[in-house]
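Have the model open and follow along.

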Amino acid sequence: MKILISNTSNLAIYEQIIRQIKDAVIAKEIQEGEPLPSIRSLAKDLQISVITTKRAYEELEKEGLIYSVAGKGFYVAKQNTNMLKEKKIQTLEEELGKLALEWKRAGLTKEDMTDYIEVLFEEL
């Protein structure tokens, strides 16, 4: 799992970490019981504060996505990936709705948007 931080994102750094770990769980890039990088090593790799990575891990632990073992670190908890995926879809639907409104305000059609999305998917 590779976490990338964007300085241009509207999300706080700890939120970017949370989102990427959730996405990795949904995509099954990281499995139940798999260890996560230590707080210090993740902070060092991302060149960010230990406090920031600690906050991200604490939030993930509160949500039940990860758990800690004293003296050993953090691990991916057993997940209902369907529930996580449903939450992700809901978020994407909201974002897509906002984008569709912007396309419409710009005078573009549904077909224009569909064509553009198809091009983007082909490039992935």
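Start with Tyr-57: its relative accessible area is 0%, so this residue counts as buried. Keep in mind that this is a predicted model.

**Aromatic pairs**

- A pair of aromatic rings is described by the distance of the centres and the angle of the planes.
- The count comes to 3 aromatic pairs.
- One of them joins Tyr-57 and Phe-74: the ring centres are 4.9 Å apart and the planes sit at 65°, and because an angle over 60 degrees counts as edge-to-face, that's what this pair is.
- Tyr-57 belongs to helix α3 and Phe-74 to strand β2 (residues 73-76), so the pair ties together parts that are 17 residues apart in sequence.
- Phe-74 is buried as well, since its relative accessible area is 15% and the cut-off is under 20%.
- Another pair is Trp-103 with Tyr-116, which is tilted, with 5.8 Å from centre to centre and 45° between the planes.
- Tyr-116 has a relative accessible area of 45%, so it is partly exposed.

**Helix α1 against helix α3**

- The axes of α1 (residues 13-26) and α3 (residues 50-62) come within 8 Å and cross at roughly 45°.
- That angle makes α1 oblique to α3.
- As for handedness, α1 passes α3 in a right-handed crossing.

**Helix α1 against helix α4**

- What about α1 and α4: how do their axes cross? They come within 9 Å and cross at roughly 125°.
- α1 and α4 are therefore oblique to each other.
- This time α1 makes a left-handed crossing as it passes α4.
- Arg-19, Asp-23, Val-25 and Ile-26 are the α1 residues here, and they meet Thr-81, Leu-84, Lys-85, Lys-88, Thr-91 and Glu-95 of α4.
- The contact of α1 with α4 splits into 3 nonpolar, 2 polar and 5 charged residues.

Note on methods:
Residues numbered from 1 in each chain as written. Predicted model: local features only at pLDDT ≥ 70, side-chain atom pairs only at ≥ 80, totals over all residues. Heavy atoms only, no water. Axes fitted to C-alpha atoms, helices over the stretch in contact; angles between N-to-C directions. Helix = DSSP H or I, 4+ residues; strand = E, 2+ residues; numbered from the N terminus. Parallel < 35°, antiparallel > 145°, perpendicular 65-115°, else oblique. Left-handed = near helix turned anticlockwise from the far one by under 90°. Phe/Tyr/Trp six-rings, centres within 6.5 Å; stacked < 30°, edge-to-face > 60°. Buried < 20%, exposed > 50% of the residue type's maximum accessible area, 1.4 Å probe, protein only. Contact = heavy atoms within 4.5 Å. Nonpolar A, V, L, I, M, F, W, Y, C, P; charged D, E, K, R; others polar.
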